[in-house]
Amino acid sequence: MKIKSQRDFWSGLLFLLVGLAFAWGATEYNFGSSAKPGPGYFPFGLGILLALLGGLVLFKAVTIESPGGDPVGAIAWRPLLVIVGAIAMFGLALPKLGLVVTLPLLIFVSSLAGDEFHWKDALISAVVLTAGSWVIFVWGLKLTIPVWPVFLA
């Protein structure tokens, strides 16, 4: 078997492994039924779908020729570390600073991972995503997420 696209091969393999891991992890939860699904129903289905998508990408990687074998380039460490750091910062800061401060902070820090940073775009994204997150999670789903910083509440 010859790999005809390295990039598709490795991404397909990653999708397949992550999907199977999520599906396997979801088996620890109650599935329920189709009429009344339990907490394991949705993650299991998504894991299977991700694994199927990974299988399709893997199949494409070994059957369809790509120019030059489509090699995998160097790992972009700076964007990877900035995004992972921003997500960790969000998780640590949310209980103390609340959604209104932490989500825009996450968006601004993550925007620095790209090559082109524009304050206006980051500000628009921060406002829209913060308002949308409040509507969906706090108002719509009634989740107990701190909205305002502790010192203001």
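Modeller: What follows covers a charged pair and then a surface patch.

Modeller: This is a predicted model, where local features need pLDDT of at least 70, side-chain atom pairs count only at pLDDT 80 or more, and totals for chains, interfaces and linings use all residues. Residues are numbered from 1 along each chain as its sequence is written, and side-chain values use heavy atoms, with hydrogens and water left out.

Colleague: How many salt bridges does the structure hold?

Modeller: One. Asp8 and Lys60 form it through their side chains, at 2.7 Å, N to O; the term means a side-chain nitrogen of Lys or Arg within 4 Å of a carboxyl oxygen of Asp or Glu. Asp8 sits in helix α1 and Lys60 in helix α2 (residues 41–63), 52 residues apart, so the pair links distant parts of the chain.

Colleague: Is Asp8 buried or exposed?

Modeller: Buried, because its relative accessibility is 16%. Lys60 is at 39%, so it counts as partly exposed. Buried is under 20% relative accessible area, exposed over 50%, partly exposed in between (1.4 Å probe, protein chains only).

Colleague: What else does Asp8 touch?

Modeller: Leaving out residues up to four places away in sequence, Asp8 touches Val57 and Ala61 as well as Lys60. Contact here is heavy atoms within 4.5 Å.

Colleague: Switching topic. Which residues make the nonpolar surface patch?

Modeller: Trp134, Val135, Ile136, Phe137, Trp139, Leu141 and Leu143, about 700 Å² in area.

Colleague: And where is Trp139 found?

Modeller: In helix α4, residues 119–140. Trp139 counts as exposed because its relative accessibility is 54%.

Note on methods: Patch = residues over 30% accessible without salt bridge, like charges linked within 9 Å, V, L, I, M, F, W, Y side chains within 5 Å. Areas by Shrake-Rupley, 256 points an atom, 1.4 Å probe, with all protein chains shown as cover. Helix = DSSP H or I, 4+ residues; strand = E, 2+ residues; numbered from the N terminus.
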